[in-house]
Amino acid sequence: MNYRQIYARKAECEKRIKEVCPGITNRPGIYIFYRTDTDSGLRFCYIGQAKRLTERCAQHLQEYDHIALSLKKRGFFDPLNPEANPGGWKLSVWECSGLDALDNAEIEAIKEYANN
């Protein structure tokens, strides 16, 4: 791949993330991918921190770890057409005031999602 292809793929993934989560910025924060399995009713989530939210969430669409593979397999939930993919992933973000607040914010997010 050449640099044009790499940057085009990055831009395409960032555009997709902005479609899923319109309020996302490239500021520091916490991101939460979550979904409910339509067959079993089990709830899944993946919580991470990022210096640049949009960029990091888009990177998950290009990787081959467990969350990236699940995002590719199950796709995203579409609020405009909920019947199309009811078990798809949703994305929520929390902005942080600075990089030093990321660790504590991530711990709080994990506690909140674990309790709910």
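## Aromatic rings: exercises

This predicted model contains four aromatic pairs. Let's work through some of them together.

**Exercise 1.** Work out which class of pair Tyr-31 and Tyr-46 form, and which parts of the chain they link.

*Solution.*
- Step 1: The ring centres are 6.3 Å apart, and rings pair if their centres lie within 6.5 Å.
- Step 2: The planes meet at 40°. Under 30 degrees would be stacked and over 60 edge-to-face, so this pair is tilted.
- Step 3: Tyr-31 belongs to strand β1 (residues 29-36) and Tyr-46 to strand β2 (residues 43-50), so the pair ties together parts 15 residues apart in sequence.

**Exercise 2.** Decide whether Tyr-31 and Tyr-46 are buried or partly exposed.

*Solution.*
- Step 1: Buried means under 20% relative accessible area.
- Step 2: Tyr-31 has 2% relative accessibility, so Tyr-31 is buried.
- Step 3: Tyr-46 has a relative accessible area of 21%, so Tyr-46 is partly exposed.

**Exercise 3.** Describe the pair of Tyr-34 and Tyr-113 and find where each residue lies.

*Solution.*
- Step 1: Their centres are 6.1 Å apart with 55° between the planes, a tilted pair.
- Step 2: Tyr-34 is in strand β1 while Tyr-113 is in helix α4 (residues 102-115), so parts 79 residues apart in sequence are tied together.
- Step 3: Tyr-34, at 28% relative accessibility, is partly exposed; Tyr-113, at 26%, is partly exposed too.

**Exercise 4.** Find which charged residues sit over the rings of Trp-89 and Tyr-64.

*Solution.*
- Step 1: Over Trp-89 sits the charged end of Arg-35, 5.5 Å from the ring centre.
- Step 2: Over the face of Tyr-64 lies Lys-72, at 3.8 Å from the ring centre.

Notes. Residues are numbered from 1 along each chain as its sequence is written. This is a predicted model: local features need pLDDT of at least 70, side-chain atom pairs count only at pLDDT 80 or more; totals for chains, interfaces and linings use all residues. Side-chain values use heavy atoms; hydrogens and water are left out. Rings of Phe, Tyr and Trp (its six-membered ring) pair if their centres lie within 6.5 Å; planes under 30 degrees apart count as stacked, over 60 as edge-to-face and the rest as tilted. Helices (H or I, at least four residues) and strands (E, at least two) are DSSP runs, numbered from the N terminus. Buried means under 20% relative accessible area, exposed over 50%, partly exposed in between (1.4 Å probe, protein chains only). A charge sits over a ring if NZ of Lys or CZ of Arg is within 6 Å of the ring centre and within 35 degrees of the ring normal.
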